Amino acid sequence: MTNQEIANLKVQLMHANVPLCEWGTNGCKTITDLAKEIDAGECAIENRHGKLYRYTRVMLLDIVYHNTTTDEKFHLIQKEQVASRGETERVYRSSVSEKLKQGEVPDKDAIKRAIHEELGITWDGFYIEKLEPYFTLTKAKSYLGIATIATIYPYSVLLSDEQFNPSGYTETQDGITTNF
């Protein structure tokens, strides 16, 4: 996004009374972060009757390991996210949450990319179960003042013995470290 496009986005946010003075603090993202998401095709902003909505598509992966020796099942969850500025956010949702880019289809290739990016596991086959997609409407903490409408594509993924790491996984991207 050009500087002019970011300035236009800021004006659009101000006209919708978005509390920009709170952005970039206490876990909130910045206008630059939103511009990057829009540029990457990860979301779109729409004004409906003076209120802004952020539209996004998200693939949620419930990653499971079944130890057949002990018959124990382990569900991988995000323990926390630590920002480079030291803020820690506890996360208790699905194993892996990945925004889909515009035109990207939630399929095996997208699952492969997400698992590799988030966990560092190279694709050598997973058992994948596709679950029923659904929609959510939330007031995201990341972007105060903008409601998020998300299409959620849930999947269950079973790891093999070779893919499972009992010590957990760590991923660092864009100044945020996620511990699983």
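A salt bridge is here a side-chain nitrogen of Lys or Arg within 4 Å of a carboxyl oxygen of Asp or Glu. By this rule the protein chain of this predicted model has nine salt bridges. The chain contains three helices and 11 strands, and strand β2 (residues 51–67) is largely enclosed by the rest of the structure, because 12 of its 17 residues are buried.

**Overall architecture**

- From the N terminus on, the order of elements in the protein chain is α-α-β-β-β-β-β-β-α-β-β-β-β-β.
- Along the principal axes, the C-alpha atoms of the protein chain fill a box of roughly 60 × 35 × 25 Å.
- Of the 180 residues in the protein chain, 39% count as buried.
- Among contacts in the protein chain with a separation of 6 or more, 60% come from residues 24 or more positions apart.
- The protein chain carries 20 positive and 26 negative side chains, with the centres of the two sets 7 Å apart.

**Strand β2 and its partners**

- Strand β1 (residues 43–48) pairs with β2 in the antiparallel sense over six bridges, and Arg48 stands opposite Lys51 in β2.
- The hairpin of β1 and β2 has two residues between the strands, and His49 takes a positive phi near 55 degrees there.
- Strand β9 (residues 147–159) pairs with β2 in the parallel sense over 13 bridges; in this pairing, Thr56 stands opposite Ala150 in β9.
- Strand β6 (residues 96–99) runs antiparallel to β2 and is joined to it by four bridges, with Val58 opposite Lys99 in β6.
- Strand β3 (residues 72–76) also runs antiparallel to β2, and five bridges join the two; here Asn67 stands opposite Glu72 in β3.
- Four residues lie between the strands in the hairpin of β2 and β3, where Asp71 takes a positive phi near 60 degrees.

- The side chains of Glu37 and Arg54 form a salt bridge with an N to O distance of 2.9 Å.
- Glu37 belongs to helix α2 (residues 31–39) and Arg54 to strand β2, so this pair ties together parts that are 17 residues apart in sequence.
- Both partners fall under the 20% cut-off for buried residues: Glu37 has a relative accessible area of 4%, and Arg54 has a relative accessibility of 7%.
- Glu46 and Arg48 also meet in a salt bridge through their side chains, at 2.9 Å from N to O.
- In this pair, Glu46 is partly exposed at 33% relative accessibility, and Arg48 is partly exposed with a relative accessible area of 42%.

- Lys112 is found in helix α3 (residues 108–119) and is partly exposed, with a relative accessible area of 39%.
- The C-alpha atoms of Lys112 and Leu158 are 13 Å apart in space, while the two residues are 46 residues apart in sequence.
- Arg113 forms a salt bridge with Glu117, in which the closest N and O atoms are 3.3 Å apart.
- Arg113 and Glu117 are four residues apart in helix α3, so about one helical turn separates them.
- Glu117 is partly exposed, at a relative accessible area of 32%.
- Elsewhere, salt bridges that share partners join Lys29, Glu37, Glu42, Arg54, Lys99 and Lys101 into one network.

How values were computed. Residues are numbered from 1 along each chain as its sequence is written. This is a predicted model: local features need pLDDT of at least 70, side-chain atom pairs count only at pLDDT 80 or more; totals for chains, interfaces and linings use all residues. Side-chain values use heavy atoms; hydrogens and water are left out. Buried means under 20% relative accessible area, exposed over 50%, partly exposed in between (1.4 Å probe, protein chains only). Two strands pair if DSSP finds at least two bridges between them. Contact means heavy atoms within 4.5 Å. Lys and Arg count as positive and Asp and Glu as negative; His and the chain ends are not counted. The place of a charge is taken as NZ of Lys, CZ of Arg, CG of Asp or CD of Glu.
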